[in-house]
Amino acid sequence: PQGIGSPSVYHAVIVIFLEFFAWGLLTAPTLVVLHETFPKHTFLMNGLIQGVKGLLSFLSAPLIGALSDVWGRKSFLLLTVFFTCAPIPLMKISPWWYFAVISVSGVFAVTFSVVFAYVADITQEHERSMAYGLVSATFAASLVTSPAIGAYLGRAYGDSLVVVLATAIALLDICFILVAVPESLPEKMRPASWGAPISWEQADPFASLKKVGQDSIVLLICITVFLSYLPEAGQYSSFFLYLRQIMGFSSESVAAFIAVLGILSIIAQTVVLSLLMRSIGNKNTILLGLGFQILQLAWYGFGSEPWMMWAAGAVAAMSSITFPAVSALVSRTADADQQGVVQGMITGIRGLCNGLGPALYGFIFYIFHVELNELPMPESSSGGNVVAQYHLQQNSIIPGPPFLFGACSVLLALLVALFIPEHTNLTVRSSNWKKHCGSHGHPHSPQAPGEAKEPLLQDTNV
């Protein structure tokens, strides 16, 4: 088989690190180019771009996962990394094409799906959660370091060098997959030709969502996930732009914010989460995480000073314990033959939110006329002057309306979560569940608990 050595988790880790390190370098340049390209409706266009990308990823992920089950992982790793990184060199060539290609690249921006499939092929079931955790930690580590490096290089040598460096790292990732990554899917599981049929049920992105109402407990969990993840997906798509353009953060401050938030989130999802699960139980951990999320979003919504953003960021790290706790609750309460199905429902809802959330936030910003009609002041200017000028111009009582809307949505999620029982086995209400599990319970899907532990931005670029 092609590649260096036998398939290992380290191959997957390197692929993920290089891809997201390249995108992390572009954090500051992307925010500047976005505002310069769409000066009048920056937040609306950002929401639409990220929303289209998220919806396309949601629609294409099951099909790409099913095809990789038949044709092998390596070719789809190459395909997803290539198309995810394709927009990078366009940033300096044509900003309009850059944002257009980002939107369309959502069809193939599902690297995590294929990487989790790769890991599942080469690990035993008891090793899988640790392997997924390693992949997620690598994802977080790339985002902790790269925005700061990109901001420094951009300040010292200009954004063009940052774009060239990010393009070179993306090409290095593609070459690594071509040369070093061996195929993980056994030869006997692949057909002799590329003509193997794929059923519609395997490729249907709504297949798992159709089963949501068949068990009342699953329904409560899925409503909780939808109401709490919708504002989080929107927040991740626009928050760093909000810090840069509205709160007056410099490029270095945004990079430092991402780094601190990433480190605190990793600590919260490992040390704090395990302590809470042992001391107060699964359901109470979910409720506590939702409570922190409400506080964080309300703080973002009413905060008008940079120090408030930093304080709310620390609370945001604590709110990241919610989804690992939800995943653990589902794995404890669902029968063994329903794990893939129920986890698939949660991941399907989160994928849908990745499309709806950014568009919703952009629309709310647009409704409340939260725009910066002038180019940001030079980096040497104080952030307070930018904030003061903005609020004098807008005369707005609520600086961040979408975040306040998100807090109300998470409050509803908290009320729904109160009705989730702590210890109850999910019962099969339909024979279709087991049939469905046969086609969707393959360990390749990111529906495994590993994806629920991604610390920060999932697989959307900053």
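## Reading helices, contacts and rings

Modeller: Let us begin with a pair of helices: H11 passes H18 in a left-handed crossing. A crossing is called left-handed if the near helix is turned anticlockwise from the far one by less than a right angle, and right-handed if clockwise. Keep in mind that this is a predicted model, in which local features need pLDDT of at least 70 and side-chain atom pairs count only at pLDDT 80 or more, while totals for chains, interfaces and linings use all residues. Residues are numbered from 1 along each chain as its sequence is written, and side-chain values use heavy atoms, with hydrogens and water left out.

Colleague: How many helices and strands does the protein chain have?

Modeller: Helices (H or I, at least four residues) and strands (E, at least two) are DSSP runs, numbered from the N terminus. The protein chain here has 19 helices and 0 strands.

Colleague: At what angle do the axes of H11 and H18 cross?

Modeller: Axes are lines fitted to C-alpha atoms, for helices over the stretch in contact, and angles run from 0 to 180 degrees between N-to-C directions. The axes of H11 and H18, the latter spanning residues 401–417, cross at roughly 160° and come within 8 Å. Angles under 35 degrees count as roughly parallel, over 145 as roughly antiparallel, 65 to 115 as roughly perpendicular and the rest as oblique, and H11 and H18 are therefore roughly antiparallel to each other.

Colleague: Which residues make the contact of H11 with H18?

Modeller: Contact means heavy atoms within 4.5 Å. On the H11 side the residues include Leu 220, Ile 223, Leu 227, Phe 239 and Tyr 242, and on the H18 side they include Phe 403, Gly 406, Val 410 and Leu 412. To sort them, Ala, Val, Leu, Ile, Met, Phe, Trp, Tyr, Cys and Pro count as nonpolar, Asp, Glu, Lys and Arg as charged, and the others, Gly among them, as polar. The contact of H11 with H18 then divides into 12 nonpolar, 5 polar and no charged residues.

Colleague: At what angle do the axes of H1 and H4 cross?

Modeller: Helix H1 (residues 9–25) and helix H4 (residues 73–85) cross at roughly 10°, with axes that come within 11 Å, so H1 is roughly parallel to H4. The residues that touch are Val 15, Glu 19 and Trp 23 of H1 and Leu 77, Val 81, Thr 84 and Cys 85 of H4. They divide into 5 nonpolar, 1 polar and 1 charged.

Colleague: Now for the rings. How many aromatic pairs does the count come to?

Modeller: A pair of aromatic rings is described by the distance of the centres and the angle of the planes. Rings of Phe, Tyr and Trp (its six-membered ring) pair if their centres lie within 6.5 Å; planes under 30 degrees apart count as stacked, over 60 as edge-to-face and the rest as tilted. By this rule the count comes to 21 aromatic pairs. One of them is Phe 38 with Trp 96, an edge-to-face pair with 5.1 Å centre to centre and 80° between the planes. Phe 38 lies in the loop between helix H2 (27–37) and H3, and Trp 96 in helix H6 (residues 95–104), so the pair ties together parts that are 58 residues apart in sequence.

Colleague: Is Trp 96 buried or exposed?

Modeller: Buried means under 20% relative accessible area, exposed over 50%, partly exposed in between (1.4 Å probe, protein chains only). Trp 96 is exposed, with a relative accessible area of 57%, whereas Phe 38 is buried, at 8%. Another pair, Phe 239 with Tyr 300, is tilted, with 4.2 Å centre to centre and 40° between the planes. This pair links distant parts of the chain, since Phe 239 is in helix H11 (residues 216–245) and Tyr 300 in helix H13, 61 residues apart. Phe 239 is buried, with a relative accessible area of 3%, and Tyr 300 is buried too, at 0%. Both belong to one aromatic cluster, whose members also include Phe 43, Phe 240 and Tyr 242.
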